[in-house]
Amino acid sequence: MAKAPVLTPRGDDFPRWYQDLITKAELADNGPVRGTMVIRPYGYGLWERMQAEMDARIKATGTQNAYFPLLIPQSYLTKEADHVEGFAPELAVVTHGGGKELEEPAVVRPTSEMIINASFSKWVQSYRDLPLLINQWANVVRWELRPRLFLRTTEFLWQEGHTAHATYEEARDFAAHIHRQVYEDFMVNVLAMDVVPGRKTARERFAGAVNTLTLEGMMGDGKALQMATSHELGQNFAKAFQTRYLSKDGTQELVWQTSWGSTTRMIGALVMMHGDDDGLRVPPRLAQIQAVILAIKGDEAVLAKVREVGDRLRAAGIRVHVDDRTDIPFGRRAVDWELKGVPVRVEIGPRDLENGTAMLARRIPGGKAPVSLDELAQLLPKVLEEDQELLLTQSRERRESRTAEVTTIGEAVEAATAGGWARIPWAVLGEEGEAALAEHAVTVRCLVAEDGSVPADGDAPGNVAVVARAY
């Protein structure tokens, strides 16, 4: 009788495979309140690595971290009409505190434009105070009707950046810099994710923004996932909060602003873009454990060698975990590390000691081969870089092979419903065509220029709409 697979095969039921993997790789559990989640240590370790990489890139722009309150006076949200309309269905509102009804209800932040702009209006007085560049790492709450771990949860973790500038051009250029040099650089070079940078249509842009820049990734089932966004807010929030500065010419001017964010949704993207029927495949540059050293048996000489190899690899700059739990069957441990997607396993038993070798199992391309114990420290950095590049290549090849060039709305719908993306001239699609796509649960993920760059204008000649079904 065939042994049942550890995970539901992706080809049989992709959503079930996703849920299986989140649970069995010990990434997260459902929380007690519908739509919330408990992020388990291994999943949170991935988020910590993402935070570290992102935070370094954000700070390199001159942005500083701060923290703002979780609760926002409800009246703040009414100050910018588009913003409140966009978020109204998702709000969680606190009406009682300390056993009494509050004089004014407080909203649990769905995003922090309002509470941060209240501070900006006090902090900005002169052109010398600009640009004001602030980021916070926080949690937000958006009441989710159809929750799915990491992808759509009522509470999630994120970073949100908020900036104020003296001119439109400065704000526009900063939003673009975050989009490409922070977000895209991180996703391509750390997450090994081939993403499409583009511009949102008016229908899809952030509530209250004048322009939204996005990065879209193709998941393993061909659906799209919005990975991160960077918004030009124009002067909409500056007008709402009267955030003005005294210019060099002595005149009072409204600031120009941006906001931008990325979330724990990226962990869900990591699962769906790189995972396979055996579990996660974590890019080596992201992995909190790049190599796990496994003792096959509880032989004292084996255990000593396993620990020695671990120390040697750590000294070589590799993030290592030593698994010497020989009271647990070796096969079970190997499957567990495979599920967790650790890039390489170094397996050592008594016979390996005799031969001066170890068995090297590579999670990303698959396969095992014996290697010299003396050469491991020199070999592994090269192996890890090869596997990092392979993941990026595979994600790019998937997107390219499953993206169709089309010229009609019907063809676009057909490509998207068949599990792929479509590219259609925006001049052919337009806003009416975008509405027609929505009837088939297909959306315009972004607009790109003919050469694949981000268009300067939503209606620029030659713009191409990338359309897909999305999470």
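Trainee: Let's start with D276: is D276 buried or exposed?
Mentor: Happy to begin there, keeping in mind that this is a predicted model. The relative accessible area of D276 is 17%, and the cut-off for buried is under 20%. D276 therefore counts as buried.

Trainee: Turning to helix α2, how many residues apart are E53 and R57?
Mentor: Both residues lie in helix α2 (residues 41–59), and their side chains form a salt bridge of 2.8 Å, N to O. An α-helix has 3.6 residues a turn, so residues three or four places apart point the same way. R57 is buried, with a relative accessible area of 18%. About one turn of the helix separates E53 and R57, and the spacing is four residues.

Trainee: Which residues are linked with E26 in a network of salt bridges?
Mentor: Side chains of opposite charge can pair when their charged atoms come close. The model has 31 salt bridges by the rule used here. In the network that includes E26, the other members are R40, D336 and K340.

Trainee: What polar contact distance joins the side chains of N211 and R199?
Mentor: N211 sits in strand β10 (residues 211–218) and is buried, with a relative accessible area of 2%. Beyond its neighbours within four places in sequence, N211 is in contact with R199, R205, S230, H231 and E232. N211 and R199 are 12 residues apart along the chain, with C-alpha atoms separated by 7.5 Å. Their side chains are joined by a polar contact of 3.3 Å.

Trainee: And for helix α5, how many of its 11 residues are buried?
Mentor: Helix α5 spans residues 113–123 and is mostly covered. Its buried residues are E113, M114, I115, I116, N117, A118, S119 and F120. Of the 11 residues in α5, the number buried is eight.

Technical notes. Residues numbered from 1 in each chain as written. Predicted model: local features only at pLDDT ≥ 70, side-chain atom pairs only at ≥ 80, totals over all residues. Heavy atoms only, no water. Buried < 20%, exposed > 50% of the residue type's maximum accessible area, 1.4 Å probe, protein only. Helix = DSSP H or I, 4+ residues; strand = E, 2+ residues; numbered from the N terminus. Contact = heavy atoms within 4.5 Å. Polar contact = N/O pair within 3.5 Å; in protein donor to acceptor, adjacent residues only side chain to side chain. Salt bridge = Lys/Arg side-chain N within 4 Å of Asp/Glu carboxyl O.
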